Amino acid sequence: MVAVRVQGLAVVAQEVAPVVLLREETGSRRWLAITIGAPEAQELAAAQEHVVSARPGTVELIIDVLGALGQQVERVEITQLEDSIFHADLVLGDGVRVSARPSDAIAIGLRTQVPLEVAEAVLDEAAVDVTVAAGEEMPGGESGEPSEDEIRRFRDLLDEVSPEDFRDPGTE
């Protein structure tokens, strides 16, 4: 498993659903874009900004139920990409794994501040490398944060993506 973090949310085009952008924390620093629904994007944005609602939403409810049962989420794993669909697991403190949609799992991970990991095979299949041209300074400097130019280049790349790019080539 490879440690990643949520870099943000993006909309590729108006007719396409939003994507959550994950990035490897070390190594080649590959990017992974997972298509999600608009409500899920709103939940992820709220979780990323640590917005607290007056009443718990579904993500907070799941976390509260787990806590009431004496469980806690230890980490979130994006485990596989099958038929162009990403799969994720919540890994609980006692090793129990609960299958979840990546968008829900990531939102829970953000709310509980646990590690987010992606299977190497998933990154090998679906990740995008954003490279820096020779002579350019490495983006992000010492902190590892991406530069505005790097984010712009990645968003430009996303602008060229079509829904067909996410289809399994074996089904055509």
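Start by selecting helices H1 and H3: their crossing is left-handed, a label used when the near helix is turned anticlockwise from the far one by less than a right angle, with right-handed for clockwise. H1 covers residues 38-48 and H3 residues 102-112, and they pack at an angle of about 15 degrees with axes 8 Å apart. Axes here are lines fitted to C-alpha atoms, for helices over the stretch in contact, and angles run from 0 to 180 degrees between N-to-C directions. H1 and H3 are therefore roughly parallel to each other (under 35 degrees; over 145 is roughly antiparallel, 65 to 115 roughly perpendicular, the rest oblique). Helices (H or I, at least four residues) and strands (E, at least two) are DSSP runs, numbered from the N terminus.

Before you go on, know that this is a predicted model, where local features need pLDDT of at least 70 and side-chain atom pairs count only at pLDDT 80 or more, while totals for chains, interfaces and linings use all residues. Residues are numbered from 1 along each chain as its sequence is written, and side-chain values use heavy atoms, with hydrogens and water left out.

Now show side chains at the helix pair. On the H1 side, pick Glu40, Glu43, Leu44, Ala46, Ala47 and Gln48; they meet Ser103, Ile106, Ala107, Leu110 and Arg111 of H3, where contact means heavy atoms within 4.5 Å. Which residues of H1 are buried? They are Glu40, Ala41, Leu44, Ala46 and Ala47, buried being under 20% relative accessible area, exposed over 50% and partly exposed in between (1.4 Å probe, protein chains only). Their cover includes strand E1 (2-11), strand E2 (18-24) and H3. In H3, the buried set is Pro102, Ser103, Ala105, Ile106, Ala107, Ile108 and Gly109.

Next, colour the strands. There are 7 in an open sheet, ordered E3-E2-E1-E7-E4-E5-E6, with mixed pairing; two strands pair if DSSP finds at least two bridges between them. E3 (31-35) and E6 stand at the edges with a single partner strand each, so one side of each has no neighbour in the sheet. On average, neighbouring strands are turned by 35 degrees against each other, direction ignored. H1 lies across E1 and E2, at about 120 degrees to E1, while H3 runs at about 160 degrees to E4.

Zoom in on E4 (residues 73-82) and E5, an antiparallel pair with 8 bridges. Val73 sits opposite Leu92 in E5. The E4-E5 hairpin has 2 residues between its strands, and Asp83 in that turn shows a positive phi of about 55 degrees. Carry on to E6 (residues 97-100), which pairs with E5 in the antiparallel sense over 4 bridges; Asp89 is opposite Ser99 there. In this hairpin, with 4 residues between the strands, Gly95 has a positive phi near 90 degrees. E5 (residues 85-92) is largely enclosed by the rest of the structure, because 6 of its 8 residues are buried.

Last stop: the nonpolar cores, sets of buried Ala, Val, Leu, Ile, Met, Phe, Trp, Tyr and Cys residues joined through side-chain atoms within 4.5 Å. The largest has 30 residues, and Leu22 and Ile78 have the most contacts inside it. Apart from that one lies another core of 5 residues, including Ala10, Leu21, Trp31 and Ala33.
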